[in-house]
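Welcome, and please open your viewer with the cartoon and the sequence panel side by side. We will go from one selection to the next and look at what each one holds.

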Amino acid sequence: MAKLKSYTVSAYTENNIGLLNRISAIFQRRHINIESINSSISEIDGVSRFTIVVYVSEVQIKKIIGQIEKQVEVIKAYYHTDEETVYQESCLFKIKSDLLFEHDGIQNIIIESNSKIVTVTKDFFVLEKSGNKEEIELLYKKLSPFGIMQFVRSGRIAVTKEEMKITEMLAAFNN
Amino acid sequence: MNFNSVSMETQTIVSEKKSVYNNAERISGSEAVIRCLLAEGVDILYGYPGGAIMPVYDELFKYQNKLQHVLTRHEQGAIHAAQGYARISGKVGVAMATSGPGATNLITGIADAQIDSTPVVCITGQVSSHLLGSDAFQETDIVGISTPVTKWNHQITKASEIPEVLAKAFYIAKSGRPGPVLIDITKDAQFEEFDFIYNKCEGIRSYNPAPSIDVKAIQNAAVLINNAKKPLIVWGQGVILGQAEDQLKEIVEKTGIPAAWTILGASALPTKHPLNVGMVGMHGNYAPNILTNECDLLIAIGMRFDDRVTGSLDTYAKQAKVIHFEIDPAEVDKNVKTDIAVLGDAKDSLLQLTPLLEKNSHDNWHQRFKDLYAIELEKVIAGDLFPEKEGLSMGEVIREINQQSKGSAAIVSDVGQHQMVACRYSEFNQTKSNITSGGLGTMGFALPAAIGAKMAAPHREVVAIIGDGGYQMTIQELGTIFQHKVPVKIVVLNNDFLGMVRQWQQLFFDKRYASTEMANPDFVSIAKGYYIDAKRVVKREELANAVAEMMASKDAYFLEVCVEKEDNVFPMIQSGASVSEIRLC
């Protein structure tokens, strides 16, 4: 059995309806679960970027990249290991405001975890934390005993240490 | 160069040449659809009308002198006919259907076209844009449904998108590794009027149809080929799609390398060419399968190492170096690890390769193929083509057709035993002559595909070879043949069984024939019911005359041949076995 690893797929694409479906179908037909998926604008005007995390073997990820890149509206796709990327996830905690004043512990947790209070109302406050999955999980564990009203975590976003030559590719097309 | 990005985010390059429709004219979306088809050189399309596509049909009525619409009896018939049209002509086939069930009925054919790289454009009607997502009558998310089985698809909700999107559709379907494209057009977009200008698409920035050829890879390939002692070429449909038949022939003749073909590659090199060593794969020829595991160099050209070709990958050509000529980078190393991948168009690659190759003949190596062929001839082929038992064999029917057509017929086969026999024994002396459902194995393919093939190439003899099972999956297309007077020849090899499944049941399921025996209708009466001349053959002595009568017919003709019920197709590589474990009985 080939060694499974977490890989981050970065796909530069056109911003068209249905492309998300087309890309996710590539994983579905291979019976691969997507750990997280994020789509956003990229550094290039008019070009979108998908960041997809999957837990597969290198042989599999290579073939998947081939299939993704084959899609008409995909400009280029890459895969990287965790070591080859700088990545973050972001999360939000909604917590009762009373707790902020009743428990010193919470204030310490906020400071120690390097998280940020986004907003405070009479009833609740919202705490934001960016970091890797483990840091966020740790914070979740620490806040749990106090009662979390709502929690949400984003998919991974990642930039790669290596250069991606999309701009050159697009320039070549334009000439 | 001119950029166009009216309606979509995707940047495309459009033709600089002024098209015939360059001066904007105010027309409806549905008329624009027809104008686009004409601008793309479409002369025939296949389809079935319905509510959501009616505005386009109304325009078809007005343009019927310029564009022939063929009314099939089911949308699956329309898509298979479009595939047959594309496969024999190399042009893009077009199928049209309404929303909902009309669109979903296309799906099998679209999936077939996707896996067999057939260029087709499907146009489906859709409910009006304000009704999208409301579960309106005959609404279905056909873009969602067709996504995994199309090369590209798109939904149009505004008439102004039609020219750009259809231009892209044809460009994508035809370029690079061809495939099916589906364009879904809401009914309001068909009615809407706009200023129509048509420009052909000549490029899309996110899409590189054919990678540019790496000269170094060609040079490295040439070195391996020149040094090989026991090289074997296996070519696939890429040679036909890339119009590289002449280049393949030149290379084969210059180097003397034995060349074998996949089912979809058949006919790219004439069957009787002395260096053509036959078909690879599950029911392919003995020699090329056995020797795949003896060659020192495997040269794959425009083929994708399907599991029906390779058998067990763990034991496939492990001793050989592998060169893969391939237009689709995703195919490289997908199934078989290659030593040298030459990416790019097959024709360009082979053109660059030929001058670097040394003349050779590989006589001793050829002798191995001849020796193994002799074994297959004695153990399998003789009995198939010249059976001594009472019942008719499928092989002798093909032999008779070969003889009478002199190898000039296009053979359209369905799926199953008859297909393997047709592909093994049909003689082809020109390319694009073997039209069959390879990758998907779609029963019901042949009859409608033969309609499309005959209409695209009216000067050619088109013979559909079909089993009694598959025939009944699209038998209603006899109506299309009758109504549109398509002079296609239909041969049903009737063994009253789903023969291939029965063969597997016999070999691997202890002869438990679960649901494979067919109680069949009177096929001759059915054909005659559609006013098609028909005959049934049950005895050997009737066969030659019946085939002669069929071939002489100027009209459609149906011939049922009742063959031996429980014949098996050999040789055979058992599923999961090695190519060298091919069995002769």
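Begin by selecting chain A: of its 175 residues, 28% are buried. Here a residue is buried if 20 or more other C-beta atoms lie within 10 Å of its own, exposed if 12 or fewer, and partly exposed in between, with C-beta atoms placed from the backbone. A word on what you are looking at: this is a predicted model, in which local features need pLDDT of at least 70 and side-chain atom pairs count only at pLDDT 80 or more, while totals for chains, interfaces and linings use all residues. Residues are numbered from 1 along each chain as its sequence is written, and chains are lettered from A and ligands numbered from 1 in the order in which they are written.

**Chain A as a whole**

Colour chain A by secondary structure and you will find 6 helices and 9 strands. Helices (H or I, at least four residues) and strands (E, at least two) are DSSP runs, numbered from the N terminus. The C-alpha trace of chain A spans about 60 × 45 × 30 Å along its principal axes. Of the contacts in chain A with a separation of 6 or more, 77% join residues 24 or more positions apart. A contact means that the C-beta atoms of two residues, placed from the backbone, lie within 7 Å.

Select Thr8(A), which sits in strand β1 (residues 5-13) of chain A. Is Thr8(A) buried or exposed? Thr8(A) has 24 other C-beta atoms within 10 Å, so it is buried. Leaving out residues up to four places away in sequence, Thr8(A) touches Thr51(A), Val53(A), Tyr79(A), His80(A), Thr85(A), Tyr87(A), Arg156(A) and Ala158(A). Draw a C-alpha to C-alpha distance from Thr8(A) to Tyr87(A): they are 79 residues apart in sequence and 9.3 Å apart in space.

Tyr79(A) lies in strand β4 of chain A and is buried, because 22 other C-beta atoms lie within 10 Å. With residues up to four places away in sequence not counted, Tyr79(A) touches Tyr7(A), Thr8(A), Val9(A), Ile61(A) and Ile65(A). Another distance to draw runs from Tyr79(A) to Thr160(A), 81 residues apart along the chain, with C-alpha atoms separated by 9.5 Å.

**Where chain A meets chain B**

Now show both chains. The contact involves 20 residues of chain A and 18 residues of chain B. Which elements of chain A each supply at least two residues to the side that touches chain B? They are α1 (19-28), α2 (58-70), β4 (74-81) and α6 (166-174). The largest share of that side comes from α2(A), with 4 residues. By class, the side of chain A that touches chain B has 6 nonpolar, 8 polar and 6 charged residues. In this scheme Ala, Val, Leu, Ile, Met, Phe, Trp, Tyr, Cys and Pro count as nonpolar, Asp, Glu, Lys and Arg as charged, and the others, Gly among them, as polar.

**Over to chain B**

Colour chain B by domain: domain 1 (2-204), domain 2 (215-369) and domain 3 (390-562). The centres of domain 2 and domain 3 of chain B, taken over C-alpha atoms, are 30 Å apart. Their contact takes 13 residues from domain 2 and 15 residues from domain 3. On the domain 2 side, these divide into 7 nonpolar, 3 polar and 3 charged.

Finally, select helix α1 (residues 29-39) and helix α2 (residues 54-62) of chain B, which pack at an angle of about 55° with their axes 8 Å apart. Axes are lines fitted to C-alpha atoms, for helices over the stretch in contact, and angles run from 0 to 180 degrees between N-to-C directions. α1(B) and α2(B) are therefore oblique to each other; angles under 35 degrees count as roughly parallel, over 145 as roughly antiparallel, 65 to 115 as roughly perpendicular and the rest as oblique. Show side chains for Ser30(B), Glu31(B), Val33(B) and Ile34(B) in α1(B), which meet Pro55(B), Val56(B), Asp58(B), Glu59(B) and Leu60(B) in α2(B).

Methods
Domains from an automatic or database assignment.
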